Amino acid sequence: MKATALITGASTGIGKELAKIHATRGGDLIIVARSKDKLEALKTELEGQYGVQVKVIAKDLTQLTAAQELYDEVKHAGIEIEYLINNAGFGGLGQFQEQELALQINMINLNVTTLTALTRLVLPDMVARDRGRIMNVSSTASFMPGPLQAVYFATKAFVTFLSNAISEELHASKVTVTNLMPGATETEFGARSGMDKTEMFKTAVSSSGVAQDGYDGMLKGKLDVISGLTFSQKVMMAMLPFMPKKMILSQMRKMQTV
């Protein structure tokens, strides 16, 4: 049987690269994002090149009912999800009190609520089969607070802790939960969030490399996969537990100032 992967945020960036990787292995796909045109173009490419079946579901995942609607549609189609990849997410640069509240709420809805709901809906089926893999795309942002991206960093901390906790709950199961933590990556995220103009994104890495690291780690059942960091960034991450929090906050603010 072909393992079917459901990938959210599959129209661009890391999600699109993950879809390509899965297709090269002969796996079928359910690709989800808001842009139906981009999803249909990807479907045509993957089905034509790799002979896999790709189901397109165009959906706004910031809506609170989206996860249940998505799960119901997949169940109604009689498709078993072997791999669930919660990749969809977005950020936004600016002072917390100046950002639009609606944008912040949508960020929480997508990055946290939909991810949590979809994981909760799919997981019982995997546990019942004692087979399946989940990968949640968090960020190295989950290691620290993020001045000028306060809500985004907080949502990614949630994703990391949720993923790790569920993984341990499944210790006696063959179902695994992997937490992918990319650094600055060349995707549309940078331009949409305004981060592409900051110091942090001067060393952004390719989305294809991050996707490959994450996919490989998911297949191995790894707990955490960190990808896309330069040597100096790795050193900084290693030093975080020993640095005063005010120093970390000041440094992060400067790195995210345009």
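Q: What makes α1 mostly covered?
A: Nine of the twelve residues of α1 are buried, a term for under 20% relative accessible area, with exposed over 50% and partly exposed in between (1.4 Å probe, protein chains only). Among them are Ile14, Leu18 and Ile21. The model is predicted, so local features need pLDDT of at least 70 and side-chain atom pairs count only at pLDDT 80 or more, while totals for chains, interfaces and linings use all residues. Residues are numbered from 1 along each chain as its sequence is written, and side-chain values use heavy atoms, leaving out hydrogens and water.

Q: How do you know that the span of helix α1 agrees with its number of residues?
A: The expected span is 1.5 Å times one less than the number of residues. For residues 13-24 this should give 16 Å, and the end C-alpha atoms are 17 Å apart, which agrees.

Q: Why is Asn111 called buried?
A: Asn111 has 0% relative accessibility and therefore counts as buried. Its place is in helix α4 (residues 101-129).

Q: What makes the approach of the side chain of Asn111 to the side chain of Thr155 a polar contact?
A: A polar contact is a pair of N or O atoms within 3.5 Å; within protein, one must be able to donate a hydrogen and the other to accept it, and residues adjacent in sequence count only if both atoms are side-chain atoms. The two side chains make such a contact at 3.2 Å. A polar atom of the Asn111 side chain also lies 3.0 Å from the backbone oxygen of Phe90.

Key
Helix = DSSP H or I, 4+ residues; strand = E, 2+ residues; numbered from the N terminus.
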